[in-house]
Amino acid sequence: MTASASDQRAVEVAFVDDDPDLRDANAQALRLAGFAAVPLASAQAALDRVGPDYAGVVVTDVRMPGMDGIALFRRLRAMDADIPVVVISGHADVAMAVEAMSEGAYDFIAKPYSTGRLVETLRRAVEKRALVLENRRLRSLAAAPEDETALLGEAPAIIRLRQTIRDLADVDVDVLVLGETGTGKEVVANLLHQQGRRRSKPFVALNCGALPESVIESELFGYEAGAFTGAQRKRVGRIEHSSGGTLFLDELESMPPAAQVKLLRVLEGREISPLGSNERRRVDLRVVAATKLDLGDPAERGDFREDLFYRLNVVTLRIPPLRERRRDVPLLFAQFLARAARKYGRDVPPLDRSVERHLVENAWTGNVRELVHFAERVALGLVADLPAAPAKGDVVAASLPERLNAIEANLIREALEANRGDVRATLEMLGIPRKTFYDKLTRHGIDRASYAVTE
């Protein structure tokens with residue numbers, strides 16, 4: 001299998017030769033073959049350009065003044081042993097090139113050589129380099145801290161979310177996190193805290209839907225001793241306790257109206273006055289609030305205060321549901337299964353056809369949380385109730401229209417992902433009219449915004 005022209009255009013080839021005519025002629029030939037050729041006049045110029053995890057290939061002549069091609073190869077190998085280096089040698093230098101091959105050079109080509117020979121070698125080298133970098137990426141993802149695992153994956157929306165978290169971590173701005181149940185909203189809040197300068201201060205979480213209305217205000221704002229019957233000692237509220245750090249408010253839409261009014265005042269003045277006190281205390285506060293509802297939609301907002309929504313909605317981070325990132329399901333499941341096996345002291349079990357089919361066909365309405373629980377059941381051997389994958393000729397439970405709808409939805413998602421949300425390119429790939437496309441998005445509940453870069 002050879003790299004396609006579109007793949008090659010994204011791949012850089014550093015062509016190192018001190019002969020300007022030969023260097024420029026080869027660079028032009030490689031560009032015509034679809035590579036992003038960069039002509040370099042010396043080994044030092046190559047070292048200045050190429051670093052660890054370099055995504056391209058290096059081609060170098062052996063005979064050069066100063067540092068020769070063999071020394072360059074050895075310097076590159078010390079930097080990153082897997083960078084493909086193709087050595088070009090004259091007849092007098094073949095022995096040196098063979099020695100470089102024995103040390104790990106990708107290939108050597110003896111002069112004179114044809115452009116076709118060089119191009120074919122580079123295509124194979126590009127494929128090898130891409131595979132090496134992909135394996136490194138997967139190992140890096142696998143080594144991610146446990147609380148980051150929910151954000152593993154290569155769906156465009158997840159890539160953008162991880163980058164946005166890095167960009168915002170050190171910015172003192174309140175953030176609203178929007179996502180369905182089980183998508184990892186607290187994970188996002190934790191990452192915003194841990195990756196920023198507030199990491200050494202408290203991360204304080206409060207689930208607004210888990211506390212009765214009579215309790216939530218004292219939990220948030222605190223109270224002084226004697227403020228009410230039973231208040232025998234002073235209590236520092238969650239807001240004051242999180243000063244200098246991050247306050248995470250989960251299920252924000254469940255906060256009672258009276259508490260919303262007080263929270264709005266705190267957000268506007270960055271001051272707090274505990275119950276039973278006339279003293280106002282400054283707080284260094286960053287709020288990350290999470291909701292499963294679109295609070296910008298009056299129909300969903302209900303009695304949630306519009307002014308509080310706009311005060312918190314400085315930045316909104318949307319976590320895509322698992323159905324919009326189905327290609328990430330196998331990677332996530334593998335991580336959760338390995339973690340569950342360690343947790344329960346079990347070996348990672350082999351996957352049978354029924355488990356594989358469930359990963360592909362399940363709707364995952366509980367999102368990442370549901371996938372975690374499924375991985376734990378698999379690790380414990382508690383999935384015997386799964387329907388077996390059908391053998392050839394078996395009758396399946398889903399009707400033909402249901403199966404066709406599922407296939408159609410997956411094809412649309414794959415086309416959107418392949419084209420990074422570009423509508424025109426997606427329409428060309430699918431071969432359907434624009435109106436039909438948007439009708440199908442609505443029918444299948446597909447959010448194009450989670451894939452889109454520009455339209």
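What covers the buried residues of α8? The close-ups below, all taken from a predicted model, begin with that helix.

View 1. Helix α8 spans residues 185-194 and is mostly covered, with 8 of its 10 residues buried. The buried ones are Lys185, Val187, Val188, Ala189, Asn190, Leu191, Leu192 and His193. Their cover includes the helix α7 (156-168). It also includes the strands β6 (175-178), β7 (203-207), β8 (246-250), β11 (286-291) and β12 (315-318).

**View 2. The largest nonpolar core.** This core has 41 residues, and Val188, Phe333, Leu371 and Phe374 touch the most other members. At least two residues come from each of α7, β6, α8, β11, α14 (329-344), α15 (353-361) and α16 (367-379). Take a moment to find phenylalanine 333: leaving aside neighbours within four places in sequence, it is in contact with Leu351, Val355, Leu359, Leu371, Phe374, Ala375 and Val378. A second, separate core holds 27 residues, among them Phe221, Leu247, Val287 and Ala289.

**View 3. Helices α9 and α11 side by side.** Here α9 packs against helix α11 (residues 257-269) at an angle of about 15 degrees, and the two axes are 10 Å apart. The angle is under 35 degrees, which means that α9 is roughly parallel to α11. Their crossing is left-handed. From α9, Ile216, Glu217 and Phe221 meet Ala258, Ala259, Lys262, Leu263 and Val266 of α11. By type, the residues of this contact are 6 nonpolar, no polar and 2 charged.

View 4. Staying with helix α9 (residues 213-221), look for glutamate 219. Is this residue, glutamate 219, buried or exposed? Its relative accessible area is 12%, and the limit for a buried residue is under 20%, so glutamate 219 counts as buried. Not counting residues up to four places away in sequence, glutamate 219 touches Leu206, Leu211, Arg235, Gly237 and Arg238.

**View 5. Helices α4 and α5.** Our last stop is the pair formed by helix α4 (residues 69-79) and helix α5 (residues 94-103), which pack at an angle of about 10 degrees with axes 10 Å apart. With that angle, α4 is roughly parallel to α5. On the α4 side the contact is made by Ile70, Phe73, Arg74 and Arg77, and on the α5 side by Met96, Glu99, Ala100 and Glu103. These residues divide into 4 nonpolar, no polar and 4 charged.

Conventions:
Residues are numbered from 1 along each chain as its sequence is written. This is a predicted model: local features need pLDDT of at least 70, side-chain atom pairs count only at pLDDT 80 or more; totals for chains, interfaces and linings use all residues. Side-chain values use heavy atoms; hydrogens and water are left out. Axes are lines fitted to C-alpha atoms, for helices over the stretch in contact, and angles run from 0 to 180 degrees between N-to-C directions. Helices (H or I, at least four residues) and strands (E, at least two) are DSSP runs, numbered from the N terminus. Angles under 35 degrees count as roughly parallel, over 145 as roughly antiparallel, 65 to 115 as roughly perpendicular and the rest as oblique. Contact means heavy atoms within 4.5 Å. Ala, Val, Leu, Ile, Met, Phe, Trp, Tyr, Cys and Pro count as nonpolar, Asp, Glu, Lys and Arg as charged, and the others, Gly among them, as polar. Buried means under 20% relative accessible area, exposed over 50%, partly exposed in between (1.4 Å probe, protein chains only). A crossing is left-handed if the near helix is turned anticlockwise from the far one by less than a right angle, and right-handed if clockwise. A nonpolar core is a set of buried Ala, Val, Leu, Ile, Met, Phe, Trp, Tyr and Cys residues joined through side-chain atoms within 4.5 Å.
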